[in-house]
Amino acid sequence: EQGPVMSECCGVGGRAHRFLTATGCFECVKCKADGRKTNMCQSCLEKIDDEPYCLGCYAGSLLVPEADSEDARAIAEKRAELSSNGVEHVNECSVEEVNDLYEQREVATARITGKTSQVPFPLYPTEELDKPQSDHWTPLIDINLKEGGSFIGDPDLKSEHAPKVLEFFASLVDIQSSKKRTDHKVEPAIYKVMPETCIEIASKSR
């Protein structure tokens with residue numbers, strides 16, 4: 001009487017073994033692409049993009065990319081980018097871990113970018129003020145506060161901008177100490193001396 005169908009698994013490190021075909025027999029896609037037929041049992045395979053790989057090809061394709069391959073260059077670039085953004089010990093991570101870290105960073109960056117666009121008073125690096133041309137604002141006029149209100153007569157200050165400039169300077173001394181801002185019975189003294197605009201900027205910045 002014929003027994004159950006058996007297959008031979010390539011195993012690990014050349015240690016092949018036989019197993020019941022009915023429990024699941026898989027063929028390595030990389031070995032097949034290279035003209036070799038390699039069967040694996042469920043215990044001796046890993047998957048990349050839901051495709052079965054023998055453990056040897058899995059290590060070669062994912063954990064140790066071939067030098068100068070597209071995968072190797074991409075991983076090297078990701079390692080360098082992660083390291084430049086403060087991720088420590090990135091060179092000790094496997095390729096799979098590098099990909100996971102990079103994906104997490106991309107998601108975090110997207111979330112931060114999305115939230116930043118909704119912030120009323122976003123914060124920018126200090127060097128933005130020194131740029132000849134910024135992507136975030138356009139200079140209207142240079143004002144020397146030592147000269148008092150003489151800037152009103154400056155021909156560089158366009159008439160449509162003058163009301164907002166005056167409103168801005170007025171808001172710097174607009175103090176509303178009676179406005180409730182915390183759960184304390186008595187508000188901290190800082191709210192009695194800080195201009196309303198400065199408090200608004202501080203509370204709505206990121």
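**Close-up views of a predicted model**

**View 1. Arg 36 and its salt-bridge partner.** Arg 36 has a relative accessible area of 39%, so it counts as partly exposed. This is a predicted model, and in it Arg 36 pairs up with Asp 34 in a salt bridge, their closest N and O atoms sitting 3.7 Å apart. Asp 34 is partly exposed too, at 44% relative accessible area.

**View 2. Lys 30 joins in.** Asp 34 also makes a salt bridge with Lys 30, and here the closest N and O atoms are 3.4 Å apart. Lys 30 comes out as partly exposed, with 28% relative accessibility.

View 3. Now hop over to helix H5, which covers residues 162–171 and holds both Glu 167 and Lys 164. The two sit three residues apart, about one turn of the helix, and their side chains meet in a salt bridge at 3.6 Å, N to O. Glu 167 is partly exposed at 47% relative accessibility, while Lys 164, at 58%, counts as exposed. Across the whole structure, the search turns up four salt bridges.

**View 4. Inside the largest pocket.** The largest pocket has a volume of about 260 Å³. Its lining includes Trp 137, Pro 139, Asp 142, Val 165 and Phe 169. Sort the lining by class and you find eight nonpolar residues, one polar and one charged.

**View 5. Stepping back to the chain.** The protein chain has seven helices and six strands. Of its 206 residues, 23% count as buried.

Conventions:
Residues are numbered from 1 along each chain as its sequence is written. This is a predicted model: local features need pLDDT of at least 70, side-chain atom pairs count only at pLDDT 80 or more; totals for chains, interfaces and linings use all residues. Side-chain values use heavy atoms; hydrogens and water are left out. On a 1 Å grid over the protein atoms alone, a cavity is a set of points where a 1.4 Å probe fits but cannot get out, and a pocket is an open set with protein on both sides within 12 Å along at least five of seven lines; lining residues have an atom within 4 Å of a point. Grid points are joined across faces, edges and corners, and a volume is the space filled by probe spheres set on the points. Ala, Val, Leu, Ile, Met, Phe, Trp, Tyr, Cys and Pro count as nonpolar, Asp, Glu, Lys and Arg as charged, and the others, Gly among them, as polar. Helices (H or I, at least four residues) and strands (E, at least two) are DSSP runs, numbered from the N terminus. Buried means under 20% relative accessible area, exposed over 50%, partly exposed in between (1.4 Å probe, protein chains only).
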